[in-house]
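Have the viewer open, and follow the topics below in any order you like.

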Protein chains: 2
Amino acid sequence: MGTSLSMENQIVAAIRRIMRAVDLHSRRLAEEHGLTGPQLATLQAAANLGESSTGTLARAVHLSGPTVTGILDRLTKRGLVDRTRNGQDRRSVTVRLTSDGESVLAAAPSLLQDRFRQELTRLEEWEQTTILATLQRMAAMMDAESLDASPLLVPGPLDAATQAAAPVISPAETVAESTDSAAIPAKAPTVP
Amino acid sequence: MGTSLSMENQIVAAIRRIMRAVDLHSRRLAEEHGLTGPQLATLQAAANLGESSTGTLARAVHLSGPTVTGILDRLTKRGLVDRTRNGQDRRSVTVRLTSDGESVLAAAPSLLQDRFRQELTRLEEWEQTTILATLQRMAAMMDAESLDASPLLVPGPLDAATQAAAPVISPAETVAESTDSAAIPAKAPTVP
DNA sequence: CCGACATGCTTCGCACACGAACGAAATCTT
DNA sequence: AAGATTTCGTTCGTGTGCGAAGCATGTCGG
C-alpha cells in the first residue's frame with residue numbers, strides 16, 4: 001500500500017541533515033571562538049535590540065524562555081552580558097552587552113559556514129531568492145502548526161496579526177532588514 | 001550589495017524556526033504516542049534495514065554513534081527493540097525490532113506534521129519538487145563542509161533547478177537513502 | 001486593602017546530540 | 001605468536017532545547 005512515502009522521507013532526511021550540519025557547525029564555532037551557535041545568535045540579538053528583557057530576546061531568536069535562561073547563564077559566566085533587574089517592573093530582567101561582549105561579537109564570524117556563504121553568493125540571484133522563499137515557506141507552514149493548537153482553520157481574510165505571523169506567499173520582494181518579532185500581544189489561553 | 005547581510009540573517013532565522021518546529025512536533029509525538037521524533041526515525045530505519053548494527057543505523061538516520069546508543073537505550077527499556085551481540089563479530093551489536101516494536105511502529109504517525117503534509121500535497125507538483133530540491137541542495141552544501149574539508153562539491157550550480165530536479169525525484173520505490181557514502185572503508189586520514 | 005489572577009524569569013527533569021575517551025574484539029605487522 | 005593498530009559500541013562531560021512547576025512581582029476586582 002502506501003509506499004509513496006519517498007517524498008516525505010526525503011524531506012525529513014534533508015531536514016535532519018541540515019539540523020545536524022547546523023549542530024556540527026555550532027560545535028566548531030565553540031571550539032574556535034568559544035561561542036556556540038545559539039550563544040552567538042543570542043548575543044547578536046542582544047546587540048541589535050539594545051537593552052531588552054530575556055523574554056523579548058527569546059522571541060527574537062525563536063527559542064523558549066528556559067532555553068535562553070540557560071544560554072544567558074553561560075554568557076553571563078563568561079562576562080559577555082550583564083543581567084540586572086528592571087527598576088520599573090521588577091519581574092523583568094534587562095540584558096545588556098558588556099564591552100567584552102561587544103568586542104567578542106565584533107570578532108565573531110557569521111552563523112553560517114563560510115563555504116556555504118561563498119557558494120550561496122555564487123548562485124544566481126533568483127536562486128538565492130528561491131532558497132530563501134522556500135525556507136520561509138517551510139518555516140511558516142511548520143511553526144504555524146506548532147504555534148496554535150486551536151482547531152481553527154485558516155478561513156479567508158487574515159488580519160494584521162495573523163498576517164505577520166504567517167506570511168506564506170510573498171512576491172519576490174522579501175523582507176528588507178526588519179528584525180521582525182514586533183509585539184506578539186500576549187495570546188489568550190485557549191483551553192484551561 | 002547592502003542587502004546580502006539581511007539575506008543571511010533571514011536564512012538563519014528560517015532554519016532556526018524550522019528546527020524549533022521539528023523539535024516541538026517531536027515533543028507532541030512523545031506526548032501522544034510515547035515516541036519522540038528521533039526514536040521514531042530510528043525505529044523506522046531499523047524496520048527498513050532489518051537486522052543491522054548500531055553503526056549502520058546511525059548512518060541511516062544521520063546521527064552520531066553515541067546519540068543512537070542513547071536512543072536505543074530508551075527504545076530497549078520500552079521493549080521495542082532487542083540488542084544482541086553478533087556471533088561472528090562480537091564487537092558488533094545487532095538490533096532487531098520486537099513484535100511490540102512492530103505494532104507500535106505500525107500505529108505510529110508520520111514524522112511530519114499532518115497539517116504540513118496536507119498543505120504539501122495541496123501544492124503543485126513543481127512546487128513540491130522545488131522544495132525538495134532546495135532542501136537537498138542546502139543539506140548537500142552544509143554537511144559537505146561539516147563532513148570534511150574534502151574538495152567534493154556539487155557539480156554545476158548553474159541551471160540547477162532543471163538539472164537538480166530530475167535526478168532527485170526517484171520513483172516511489174525504496175528511495176535507498178544515501179546517494180553518498182557507499183563504502184567508506186578506505187583509509188583513515190585523521191589528525192596528526 | 002487584600003485575595004485572585006496574570007506575568008516574567010528561573011529551576012527542575014527529560015531527551016537529544018556531539019566529541020573524547022574507554023574497553024573489547026578483530027586485524028594487521030613483525 | 002606477541003604486539004600494534006583499527007574498529008565497534010558504550011560511557012562521560014557539556015550544551016542545547018522543551019514543558020511543568022516554582023517564585024517573585026504586578027494588576028485587578030471586591
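Let's begin at a backbone contact: a polar backbone atom of B:Ser64 sits 2.6 Å from a phosphate oxygen of DNA strand C. This counts as a polar contact, meaning a pair of N or O atoms within 3.5 Å; within protein, one must be able to donate a hydrogen and the other to accept it, and residues adjacent in sequence count only if both atoms are side-chain atoms. Please keep in mind that this is a predicted model, where local features need pLDDT of at least 70 and side-chain atom pairs count only at pLDDT 80 or more, while totals for chains, interfaces and linings use all residues. Residues are numbered from 1 along each chain as its sequence is written, chains are lettered from A and ligands numbered from 1 in the order in which they are written, and side-chain values use heavy atoms, with hydrogens and water left out.

**Around DNA strand C**

- Sugar or phosphate accounts for 76% of the atoms of DNA strand C within 4 Å of the protein, and bases for the rest.
- Helix α1(A) supplies the largest share of the surface near DNA strand C, 5 residues; helices are DSSP runs (H or I, at least four residues) numbered from the N terminus.
- By type, this surface has 7 nonpolar, 10 polar and 11 charged residues, where Ala, Val, Leu, Ile, Met, Phe, Trp, Tyr, Cys and Pro count as nonpolar, Asp, Glu, Lys and Arg as charged, and the others, Gly among them, as polar.

**Around DNA strand D**

- Of the 29 residues around DNA strand D, the nearest are A:Thr36, A:Gln39, A:Ser64, B:Arg20 and B:Arg83.
- Phosphate oxygens of DNA strand D lie 2.6 Å from a backbone N or O atom of A:Ser64, 2.8 Å from a polar side-chain atom of A:Thr67 and 2.3 Å from a side-chain N or O atom of B:Arg20.
- Helix α1(B) gives the most to the surface near DNA strand D, with 5 residues.

**B:His25**

- B:His25 belongs to helix α1 (residues 4-33) of chain B.
- Its relative accessible area is 13%, so B:His25 is buried (under 20%, with a 1.4 Å probe and protein chains only).
- Beyond neighbours within four places in sequence, B:His25 is in contact with B:Ser110, B:Leu111, B:Leu112 and B:Gln113 (heavy atoms within 4.5 Å).

Technical notes:
Near = heavy atom within 4 Å. Helix = DSSP H or I, 4+ residues; strand = E, 2+ residues; numbered from the N terminus. Buried < 20%, exposed > 50% of the residue type's maximum accessible area, 1.4 Å probe, protein only.
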